Amino acid sequence: MKTCDLHTHSTASDGSDTPSELMALAAKVGLAAIALSDHDTVAGLSEAAAAAARLGIEFIPAVELSCQFHKGNMHMLGYYIDPEEGSFLEVLSQVQAARAERNPRILEKLAALGVPVTMEEIEAISHGGQVGRPHIARAMVEKGYVKDVSQAFDRYLKRGAKAYAPKSILAPEAAISAIKGAGGIAVLAHPFSLQARDLQELQAIVADLKSKGLMGMECYYSEHSPEFTRQCIDLARSMGLAVTGGSDYHGKAKPYIKLGRGKGDLAVPYECVEELKKLKYGA
Ligand code: AMP
Ligand code: ZN
Ligand code: FE
Ligand code: FE
C-alpha cells in the first residue's frame, strides 16, 4: 500500500530533525508523500520542499495552529497554504508573539519552584525555531530535574500544573479563515485531544467547525485506537469532510512516535493526499 504522513514537526518548531533530515527519513522509510506541519510557523517549508524535490518525494506544505477551546486541545492543520500570503503571515506573527510572551512567564514559575531554566538553555535546544513547552521540558531533563519529557509535563508544564502559563491563541474560526485566506485546506488535527465526552459531542463540535469552513478531519493518528479511527472516518464521511492522517512525528522530542508508523501500527493511505488535492485543485 502506498502511504503518506501528513503531520510532522521539524526544528522550525519543536521537532528534533531539520526539515532536510525529515525529508531524508521520509524517503528512507518509503513514504509516497509527506507534509511538514510545524506549530505556528512556515519557516521550515522552503528547505523541506527543496529536499523533497531532490529526493523525489511528494511534499505538501502545511502548518498546525493552536486554537482556543474550552476543554482539551484544539489544533488546526492547514494544507497547501501559500507561505507568503500577507494576511496569513500577519496571523502567524501574532501567534509567535504570544509564544514569545508566554515562555518567560513559564520560566519565572520554574525558578520560583526551585527548578530554574534559562532562555539561553532553551535556545540551545530549539536552534532558533519556535519555542514551545517541549523545549522547556527537554532542558529540564538535561538538568536532571525530571526523568523525561512526560514527567516534565505532568509535574510542571501541562495545563493546570504548577509552572503552566496560558498563551493567548486564535479562535478556531480565525485559524480556519487564516488558512483559507492563504489558499489552504483547514483540517481538524487529532480529534481525540478535544476530549469530547462521546461521539455525539464530537459530532457537534465538528459540525460547528464545518459551518466555519472546516474541510477535513485527521482520522488516522498515532494516539487513535483502531475503533476511534473507524469512528472518525465514519463521522468525516457522513459530514462530507476529507479524511487525513499523520503520525505527529517530533523526532527525539517524542521518541515513541515513528515517522509514518506512529506507535508501530499506523499506516495512512495515500488516498488522503488525493482527497486534499481534490479540495485544493478541484476534481
Ligand atoms: P506548546 O506549543 O508550547 O503549547 O506545546 C505543545 C506541544 O507540547 C505539542 O507538541 C504537544 O505534543 C506537546 N505536549 C503537550 N502535552 C504533552 C505531554 N503531556 N507530554 C509530552 N508532550 C506534550
Ligand atoms: Zn509539537
Ligand atoms: Fe497538535
Ligand atoms: Fe503536531
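Predicted model: local features only at pLDDT ≥ 70, side-chain atom pairs only at ≥ 80, totals over all residues.
**View 1. The zinc ion (ligand 2) and the iron ion (ligand 4) lie 4.6 Å apart.**

**View 2. Asp 14, His 39 and His 250 coordinate the zinc ion (ligand 2).**

**View 3. Asp 14 and His 39 come from distant parts of the chain.** Asp 14 sits in the loop between β1 (3-5) and α1, and His 39 in the loop between β2 (33-36) and α2, 25 residues apart. Is Asp 14 buried or exposed? Asp 14 counts as buried because its relative accessibility is 6%, under the 20% cut-off. His 39 is buried too, with a relative accessible area of 9%.

**View 4. Helix α1 (residues 19-28) packs with helix α2 (residues 45-55).** To describe two packed helices, we give the angle between their axes and the distance between the axes. For α1 and α2, the angle is about 30° and the axes are 8 Å apart. The crossing of α1 past α2 is right-handed.

**View 5. Side by side, α1 and α2 meet through a set of residues.** From α1 come Pro 19, Ser 20, Met 23, Ala 24 and Ala 27. Their partners in α2 are Glu 47, Ala 48, Ala 51, Ala 52, Arg 54 and Leu 55. How do the residues of this contact divide? Eight are nonpolar, one is polar and two are charged.

Conventions. Residues numbered from 1 in each chain as written. Chains lettered and ligands numbered in written order. Heavy atoms only, no water. Axes fitted to C-alpha atoms, helices over the stretch in contact; angles between N-to-C directions. Helix = DSSP H or I, 4+ residues; strand = E, 2+ residues; numbered from the N terminus. Left-handed = near helix turned anticlockwise from the far one by under 90°. Contact = heavy atoms within 4.5 Å. Nonpolar A, V, L, I, M, F, W, Y, C, P; charged D, E, K, R; others polar. Donors = N, O, S within 2.8 Å, 3.2 Å for Na, K, Ca; no water. Buried < 20%, exposed > 50% of the residue type's maximum accessible area, 1.4 Å probe, protein only.
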